[in-house]
Amino acid sequence: MDDGDQIVKKFMYMNRKTPYGTIYALESLEVVLIAAAFDQDVSLVFADDGVYQLMKDQSTEEIGMKNFSPTYSALGDYDIKKIYIEKESLDERGLSLDDLQDLKYEDEDDDWAEKDSIHLVSRDELAEVIDQQDVVFSF
Amino acid sequence: MKFGILVNEGPYTHQASDSAYEFAKAAIEKGHEIFRVFFYHDGVNNGTSLAVPPQDDRHIPNQWSELAKDHSVDLVLCVAAAQRRGMLDEDEAKRNGKTSHNVAEGFRISGLGQLIEAGIQADRMVVFGD
């Protein structure tokens, strides 16, 4: 471990694009999974068309691409507990949290109780969360 | 200040690489340090040694190579993104049984950990994308 690994920064991964059509969502997820090994303070955001990435029951057979959406449910195992969904982005697309996967993590400080990773936030609240970050990667 | 830069788009189609280059150049001129430029998504195509743009246009991969040479800037292509898009250095080409390689001078191929490390080490991380 070099010195850098002892620094803990707030990293935010901002997902703004549809899961298919472009590769941004898939390659963003690849970054998040690698980054988990670095023990940083990680938040994920799904906003704009990015909210579609978490839609339930995705089927990609007809487009010949891998359905990588089941991977999101494993984020809790990677110690990723803060997932922010922008409410306005859902509203603008006629969606609600019920349309999205239910993402959980097990809280080691609370006898491994299962807790919600998803935080529904308004655009204004999200701006505040972004403001608190050290590093924001936007995909 | 120590900057990390992420370039998420390839050359010419998007302005992201040009903007990142101009930003890096200006930052260095002002006495700042560029800790690393990490190329991801189609951004890895900025590292091709095979681009032959018209003579009256800028040569984007060469501009980056020269920046690396003149100011020892670390230019890193993400290995996973590069392999998908047919960007291979000599080692990767050998490893994957390919007959040629196409990574321009001054660029190196490495893992996504290098991006996270840049985020940790740099004072500011600047993302150039679509």
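Let's start with one residue: Leu126(A) sits in helix 3 of chain A, which covers residues 123-131. Helices here are DSSP runs of H or I with at least four residues, strands are runs of E with at least two, and both are numbered from the N terminus. The model is predicted, so local features need pLDDT of at least 70 and side-chain atom pairs count only at pLDDT 80 or more, while totals for chains, interfaces and linings use all residues. Residues are numbered from 1 along each chain as its sequence is written, and chains are lettered from A and ligands numbered from 1 in the order in which they are written.

**Around Leu126(A)**

- Leu126(A) is buried because 20 other C-beta atoms lie within 10 Å (buried means 20 or more, exposed 12 or fewer, partly exposed in between, with C-beta atoms placed from the backbone).
- Leaving aside residues up to four places away in sequence, Leu126(A) touches Val45(A), Ala47(A), Tyr84(A), Glu86(A) and Val121(A); contact means C-beta atoms, placed from the backbone, within 7 Å.
- Between Leu126(A) and Ala47(A) there are 79 residues of sequence separation and a C-alpha to C-alpha distance of 9.5 Å.

**Chain B: fold**

- Chain B has five helices and five strands.
- Their order along the sequence is β-α-β-α-β-α-α-β-α-β.
- Of the contacts in chain B between residues at least 6 apart in sequence, 75% link residues at least 24 apart.

- The C-alpha trace of chain B spans about 45 × 35 × 30 Å along its principal axes.
- In chain B, 45% of the 130 residues are buried.

How values were computed. Contact = placed C-beta atoms within 7 Å.
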